[in-house]
Amino acid sequence: MFPAKRMRRLRKSERLRSLVREAEVTKGDLIYPIFVQEGIGRREAIAAMPGQYRLPLGGLRKEARELVDLGIPGVILFGIPARKDAKGSQAYAPRGIVQRAVAEMKAEVGEDLLVITDVCLCEYTSHGHCGIVKGGKVLNDPTLELLAKTAVSHAKAGADMVAPSDMMDGRVGAIRSALDEAGCEETLIMSYAAKYASAFYGPFREAAGSVPSFGDRKGYQMDPGNSDEALREVLLDLEEGADIVMVKPALAYLDVIYRVKNEFLAPTAAYNVSGEYAIVKAAAEKGYGDEKRMVMEVLTAIKRAGADIILTYHAKDAAGWL
Ligand SMILES: [Zn+2]
């Protein structure tokens, strides 16, 4: 007890603090999300996400090289097709925008960068929902086949990992079987296992043009009040064959990350989403806080909560600071 016990002794220099620090973010933890848009000639700034862009196909080689040079181990690709239809057919077209983007990046950097693809239909459907719609409802089972087809087409294009984000029931199992049948048994699955119906996705939807034309996604994404349910979702995805499970968003769901990591001891990813990014950028712009310190504190908190992997739009800045 005080004065024999003094907690401040361990805090008095950076050398001591560094010796006893429990959680630390490294470059190797980061994945950078990239938006690639079909039919544009040059990159376009995303207004709600300062510093982020929709990239043309022709800009991906340079981007891939830059990420490798920064020491970032992986990217996750989101595609914005030139044409959308009710069945999201550009999601699984062999020459679709993401398929070509994967090939382009791999041609430049090969094994030096993990290329992960988001697997969903919402950026490709005319109605903006993550599945097949009939009578105003998003149908689960008919959607699985299209998701599996999408995942296989990404793997065939060279993706190292596919990341289903749709929250349909049974999709991880459907994708695993389809990949194995197609001879892609080495392709990993990172499932968006606990994805919440969140208001923090706003800027992303502007970036990807995936605002639903009717209704919302609460019928398939999780209710923010629940965390037991997140554990059940994660359990199912692991049983269906997920290699990595993800919690999304990150900052408002640190307790969920903590529970998932503690319960399953599985590789756990957290998605530091567009709205979380936009808040930090806006505060920094207004002079309400130091950007570098806020970013590193956010990323450290996500790591401390139990995430092994952080998907973040801050990845390039953070890698530059680390
Ligand atoms: Zn979706």
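**A walk through the model**

Trainee: Let me start with R15. Is R15 buried or exposed?
Mentor: R15 counts as exposed, because it has 7 C-beta neighbours inside 10 Å. Bear in mind that this is a predicted model.

Trainee: Which helix is R15 in?
Mentor: R15 sits in helix 1, which covers residues 14-20.

Trainee: OK, zooming out. How many helices and strands are there in the protein chain?
Mentor: The protein chain has 11 helices and 12 strands. Its C-alpha atoms fill a box of roughly 70 × 45 × 40 Å along the principal axes.

Trainee: What does the radius of gyration say?
Mentor: The protein chain has 20 Å, and a compact globule with 322 residues would be near 20 Å, so the two agree. Of those 322 residues, 48% count as buried.

Trainee: Now strand 1. How many of its residues are buried?
Mentor: Eight of the eight, residues 30-37, so strand 1 is largely enclosed by the rest of the structure.

Trainee: Which way do they point?
Mentor: L30, Y32, I34 and V36 point one way, while I31, P33, F35 and Q37 point the other way, and all are buried. As background, side chains in a regular strand alternate between the two faces of the sheet.

Trainee: Which strands does strand 1 pair with?
Mentor: Strand 4, residues 74-80, pairs with strand 1 in the parallel sense over seven bridges. There, I34 stands opposite L77. Strand 3, residues 53-56, also runs parallel to strand 1, with three bridges, and Q37 has P56 as its bridge partner. Then strand 12, residues 309-312, is joined to strand 1 by two bridges, again parallel. In that pairing I31 is partnered with L311.

Trainee: Switching to strand 10. Is that buried or exposed?
Mentor: Five of the five residues, 244-248, are buried, so strand 10 is largely enclosed by the rest of the structure too. I244, M246 and K248 point one way and V245 and V247 the other.

Trainee: What are the strands joined to strand 10?
Mentor: Strand 9, residues 188-195, runs parallel to strand 10 and is joined to it by four bridges. Strand 11, residues 268-272, is parallel to strand 10 as well, with three bridges.

Trainee: What do strand 10, helix 8 and strand 11 make?
Mentor: They make a right-handed β-α-β unit, with helix 8 spanning residues 254-264. Just after helix 8, L265 takes a positive phi of about 50°.

Trainee: Which residues of helix 8 are buried?
Mentor: V256, I257, R259, V260 and K261. What covers the buried residues of helix 8 includes strand 9, strand 10, strand 11, helix 7 and helix 10.

Trainee: What is I257 in contact with?
Mentor: Leaving aside neighbours within four places in sequence, I257 is in contact with V247, A250, T268, A270, I302, A305, G306 and A307.

Trainee: How many residues does the largest nonpolar core have?
Mentor: It has 100 residues, and those with the most contacts inside it are V75, L77, M246, V247, I257 and A270. Helix 4, residues 141-157, gives the most to this core, with eight residues. In soluble globular proteins generally, nonpolar side chains tend to be buried together.

Trainee: Last one, helix 5. Which residues there are buried?
Mentor: In helix 5, residues 171-181, the buried ones are R171, V172, A174, I175, R176 and L179. Their cover includes helix 4, strand 8, strand 9 and helix 7.

Trainee: And what follows helix 5?
Mentor: G183 follows helix 5, and its phi is positive, near 80°.

Methods: Residues are numbered from 1 along each chain as its sequence is written. A residue is buried if 20 or more other C-beta atoms lie within 10 Å of its own, exposed if 12 or fewer, and partly exposed in between; C-beta atoms are placed from the backbone. Two strands pair if DSSP finds at least two bridges between them. A crossover is right-handed if, with the strands pointing away from the viewer, the path from the first strand over the helix to the second runs clockwise. Two residues are in contact if their C-beta atoms, placed from the backbone, lie within 7 Å. A nonpolar core is a set of buried Ala, Val, Leu, Ile, Met, Phe, Trp, Tyr and Cys residues joined through C-beta atoms within 7 Å. The radius of gyration is taken over C-alpha atoms; the globule rule is 2.2 Å times the number of residues to the power 0.38.
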